[in-house]
Amino acid sequence: MNDQDDFPLVSIITVSYNSSKTIRDTLQSLAIQDYPNIEHIIVDGSSTDNTLDIIRSFPHVKQVYSENDNGIFDAMNKGIRYANGKIIGILNSDDFYISETVISKIVNQLKVKKADAVYADLIYVHPIHVDKILRTWIAGPYDVKRFLNGWMPPHPTFFVRKEVYDKFGGFQSHLRFAADYELMLRFLYKYKIKATYLPQCIVKMRSGGHSNSSYKNRLKANLEDRESWRMNDMKPRFYTTWLKPLRKLTQFIYENKSKA
């Protein structure tokens, strides 16, 4: 077995735009990984602050593209096209990996389970005081039928083999709020790729996501959740898309119990 078999190339895609306040944590969390074969791709939306200067200060970053795009999911699609790795993960510029062993554990899980995709748990933290935990997203064991009950994996913890993107396509970038949900719904529920769960928190995400920033955006996201089922010629249960945001309440409950 050669090194390529032992350590398949992992492409991590980071989308940024004027991210100078947060991207250093993202970059540092990749720079310290103990896995020896990582390709970190930055797709920047023509930042006007010093985001690019910060990126260039990290020598592990080999691919940087800075140009206008049509939104975050369009930029992610660009990153997927640029990726050379056999495994692809997406880490946004305000998120970061919890430890230096994250990528090693992801690759090992995919190997051991002979899976097409793997997901794990996620911690929401204060946007400035990142040691302050606000809620914990425990995704739980994999069962594709859970999508009918409003379930989805945390997208920043979702790693997929490149061949899955090649076969089933990338993000539907016309969806502003739910393109990540639609992609995972399509991969996991419609095409039933083989997925596995790593029961560990591997990503810290700063709170304040776009889809949750207002009730108006949450409503738009809910409408796009429904559209995600329709565009794949599938029908959810009548309560599926309403349970999806309500499931977040369990994250607060879990966090309160963990503090008890």
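Predicted model: local features only at pLDDT ≥ 70, side-chain atom pairs only at ≥ 80, totals over all residues.
Local features need pLDDT of at least 70, side-chain atom pairs count only at pLDDT 80 or more, and totals for chains, interfaces and linings use all residues. Residues are numbered from 1 along each chain as its sequence is written, and side-chain values use heavy atoms, leaving out hydrogens and water.

**Exercise 1.** Find how many residues of helix 4 are buried, and what they pack against.

*Solution.* Start with the terms. Helices (H or I, at least four residues) and strands (E, at least two) are DSSP runs, numbered from the N terminus. Buried means under 20% relative accessible area, exposed over 50%, partly exposed in between (1.4 Å probe, protein chains only). Now count: helix 4 spans residues 72-82, and eight of its 11 residues are buried. Among them are Phe73, Met76 and Ile80. Next, look for contacts (heavy atoms within 4.5 Å). The buried residues pack against strand 1, strand 2, strand 4, helix 6 and helix 7.

**Exercise 2.** Classify the ring pair of Phe168 and Phe187.

*Solution.* Rings of Phe, Tyr and Trp (its six-membered ring) pair if their centres lie within 6.5 Å; planes under 30 degrees apart count as stacked, over 60 as edge-to-face and the rest as tilted. This rule gives 17 aromatic pairs. For Phe168 and Phe187, the centres are 6.4 Å apart and the planes make 50°: tilted. Phe168 is in helix 6 and Phe187 in helix 7, 19 residues apart. Phe187 has 0% relative accessibility, so it is buried.

**Exercise 3.** Do likewise for Phe238 and Tyr239.

*Solution.* The centres are 5.0 Å apart and the planes stand at 80°, so the pair is edge-to-face. Phe238 is exposed because its relative accessibility is 74%.
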